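Here is my note on the model, point by point. Please keep the structure open while you read.

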Amino acid sequence: FEHDTFTHLLPSSQIHIFNSIQTPLSLSLSLFLLLLLLLTILMGSSPNSKPKIIRGSAGYVLEDVPHLSDYIPELPTYSNPLQDNPAYSVVKQYFVHVDDSVPEKIIANKDSPRGIHFRRAGPRQKVYFESDEVQAAIVTCGGLCPGLNTVIRELVCGLYHMYGVKKVLGISGGYKGFYAHNTIPLTPKTVNDIHKRGGTILGSSRGGHDTIKIVDSIQDRGINQVYIIGGDGTQRGAYKILEEIGKRGLKVAVVGIPKTIDNDIPVIDKSFGFDTAVEEAQRAINAAHVEAESVENGVGVVKLMGRYSGFIAMYATLASRDVDLCLIPETPFYLEGPGGLFEFAERRLKENGHMVIVIAEGAGQELVTESIQAMHKQDASGNKLLQDVGLWISQKMKDHFAKQKTMGITLKYIDPTYMIRAVPSNASDNVYCTLLGQSAVHGAMAGYTGFTSGLVHGRQAYIPFNRITEGQNTVVITDRMWARLLSSTNQPSFLIAKSVVEENMKEEEDSFNL
């Protein structure tokens with residue numbers, strides 16, 4: 001077999017493997033290894049496609065993230081420039097130990113196994129990129145969220161000030177910006193005060209993900225670090241980019257930074273922008289409360305974000321203490337009959353003379369009387385297009401009390417969705433964005449790839465893409481936090497009330513049949 005017959009079929013990162021098996025190994029073993037390499041290429045598998053699991057004693061499991069050295073052996077390492085950085089000279093232990101990890105669950109008893117852990121985020125003693133060779137790219141995808149500009153700023157300043165990276169590109173307009181050749185040079189000077197503005201200076205869009213075109217662009221531009229800011233759909237796209245990069249054997253670190261204002265990304269404590277969203281939601285709730293208590297039988301309805309998860313509505317309700325009823329996607333409700341929403345509203349209006357209802361956008365969708373076709377439409381990111389449940393429930397309330405004729409209501413409906421999305425992040429989120437951005441940079445420089453930077457039980461960790469995209473974080477209505485809300489609002493648990501009514505009706509039917 002001629003050497004060149006096969007090496008031209010191999011990615012550059014795998015040619016040296018073929019070369020290495022041409023020495024003391026037997027010809028049959030050489031051919032066997034070569035066939036394995038060719039089979040891997042023909043099947044289109046990626047070295048980044050399988051989860052990395054490391055097991056230890058006492059039930060310890062590390063769900064590790066990919067590393068560039070997994071598929072590009074013999075990569076050179078360099079001393080971390082942070083060791084000469086005056087900002088870090090006062091820190092006693094500024095390099096993270098190679099075995100440090102963060103547990104996924106911290107509640108345990110004496111017989112519990114140690115359980116699943118994630119690799120702890122932070123600077124490593126050795127890095128896999130020289131400052132001059134780094135060509136970084138940053139992209140924002142999906143909807144707007146407070147804190148986007150802060151994350152961009154911290155990525156740029158972290159690369160520049162901590163690692164001396166001078167070449168950073170902003171990809172304009174989301175994923176499609178990679179192959180539309182829309183870029184913005186980013187420096188600490190250009191991003192200096194962008195955290196004071198809402199939105200994203202890079203622009204954003206939904207959809208536009210073409211893996212091959214994106215990786216072609218990354219390769220053509222010589223980009224070797226990609227920072228992708230977006231929600232679960234964006235992170236799924238990042239995983240596809242990671243796989244394609246692995247197939248091509250490119251030395252490119254792909255890093256995700258989780259963004260969802262709804263706080264519906266699993267594993268992490270919270271997503272950036274969430275605290276700001278809850279704080280801004282207070283303004284809308286306060287306005288609804290003022291409107292409601294200023295008239296006889298006033299009703300204020302506020303619709304908040306929460307397509308599949310009701311975290312914003314739940315936390316805003318707990319923070320406000322002016323809310324009488326909170327409705328979220330995780331718990332069904334019904335309008336008519338004993339124990340229903342209308343009965344509760346009548347009772348609360350008689351008691352207080354006014355009431356405030358907070359409803360998440362994804363709540364009660366099964367009750368909205370729109371066409372079946374409309375219920376199954378999706379946007380460019382694959383999210384289900386929802387009907388406006390706020391307008392729907394407002395109209396239902398008006399119609400119900402108009403028919404009653406014993407109690408007239410004055411209802412005001414407030415939808416602050418786009419006002420909340422567009423504001424700059426508050427102090428709490430600004431600090432969190434700093435941690436996310438700097439942790440992402442540390443991970444990429446240390447050669448890690450295919451990870452999302454996130455907070456797990458108060459500690460920054462590197463979480464594999466597959467864990468971030470495997471499901472959605474939702475409110476657990478059997479948990480203590482939802483119980484706290486119910487005790488705060490004194491609202492009924494409609495599911496329990498309905499089941500009790502149905503059980504009583506069944507008992508009456510059974511006794512009648514006897």
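1. Lys 126 sits in strand β6, residues 126-127. Helices (H or I, at least four residues) and strands (E, at least two) are DSSP runs, numbered from the N terminus. The cut-offs are as follows: buried means under 20% relative accessible area, exposed over 50%, and partly exposed in between (1.4 Å probe, protein chains only). Apart from neighbours within four places in sequence, Lys 126 touches Thr 77, Tyr 78, Ser 79 and Ala 446. Contact here means heavy atoms within 4.5 Å.

2. **Ground rules.** This is a predicted model: local features need pLDDT of at least 70, side-chain atom pairs count only at pLDDT 80 or more, and totals for chains, interfaces and linings use all residues. Residues are numbered from 1 along each chain as its sequence is written, and side-chain values use heavy atoms, with hydrogens and water left out.

3. **Overall picture.** The protein has 16 helices and 17 strands. Of its 514 residues, 52% are buried. Take the contacts between residues at least 6 apart in sequence: 77% of them join residues at least 24 apart. The accessible surface is about 24100 Å², and carbon and sulfur atoms account for 53% of it. Accessible areas come from the Shrake-Rupley method with a 1.4 Å probe; for residues, only the protein chains shown count as cover.

4. **Helices α4 and α13.** Two packed helices are described by the angle between their axes and the distance between the axes. For α4 (residues 148-163) and α13 (residues 427-445), the axes come within 8 Å and cross at roughly 45 degrees. Axes are lines fitted to C-alpha atoms, for helices over the stretch in contact, and angles run from 0 to 180 degrees between N-to-C directions. The two helices are therefore oblique to each other. Angles under 35 degrees count as roughly parallel, over 145 as roughly antiparallel, 65 to 115 as roughly perpendicular and the rest as oblique. The crossing of α4 and α13 is right-handed. A crossing is left-handed if the near helix is turned anticlockwise from the far one by less than a right angle, and right-handed if clockwise.

5. **What meets at that crossing.** On the α4 side, the contact residues include Thr 150, Val 151, Glu 154, Leu 155 and Gly 158. On the α13 side, they include Cys 433, Gly 437, Ala 440, Val 441 and Met 445. The residues of this contact between α4 and α13 split into nine nonpolar, seven polar and one charged. Ala, Val, Leu, Ile, Met, Phe, Trp, Tyr, Cys and Pro count as nonpolar, Asp, Glu, Lys and Arg as charged, and the others, Gly among them, as polar.

6. **Helices α8 and α15.** The axes of α8 (residues 311-320) and α15 (residues 480-489) come within 10 Å and cross at roughly 45 degrees. α8 and α15 are therefore oblique to each other. Their crossing is left-handed. Met 314, Tyr 315, Thr 317 and Leu 318 of α8 make the contact with Met 481, Trp 482, Arg 484, Leu 485, Ser 488 and Thr 489 of α15. The residues of the contact comprise six nonpolar, three polar and one charged.

7. **Helices α9 and α11.** The axes of α9 and α11 (residues 389-404) come within 11 Å and cross at roughly 70 degrees. That makes α9 roughly perpendicular to α11. The crossing is right-handed. From α9 the contact uses Leu 341, Phe 342, Ala 345, Glu 346 and Leu 349. From α11 it uses Ile 393, Lys 396, Met 397, His 400, Phe 401 and Gln 404. Seven of the residues in the contact of α9 with α11 are nonpolar, two polar and two charged.

8. **Glu 343.** This residue lies in α9, residues 341-352. Glu 343 is partly exposed, with a relative accessible area of 37%. Not counting residues up to four places away in sequence, Glu 343 touches Gly 337 and Pro 338.

9. **Two backbone angles to check.** Most residues other than glycine have a negative phi. Asn 263 has a positive phi of about 65 degrees. Asn 263 lies in the loop between β11 (253-258) and α7 (274-293), and is buried at 5% relative accessible area. Asn 297 has a positive phi of about 55 degrees. Asn 297 is in the loop between α7 and β12 (298-304), and counts as buried at 12% relative accessibility.
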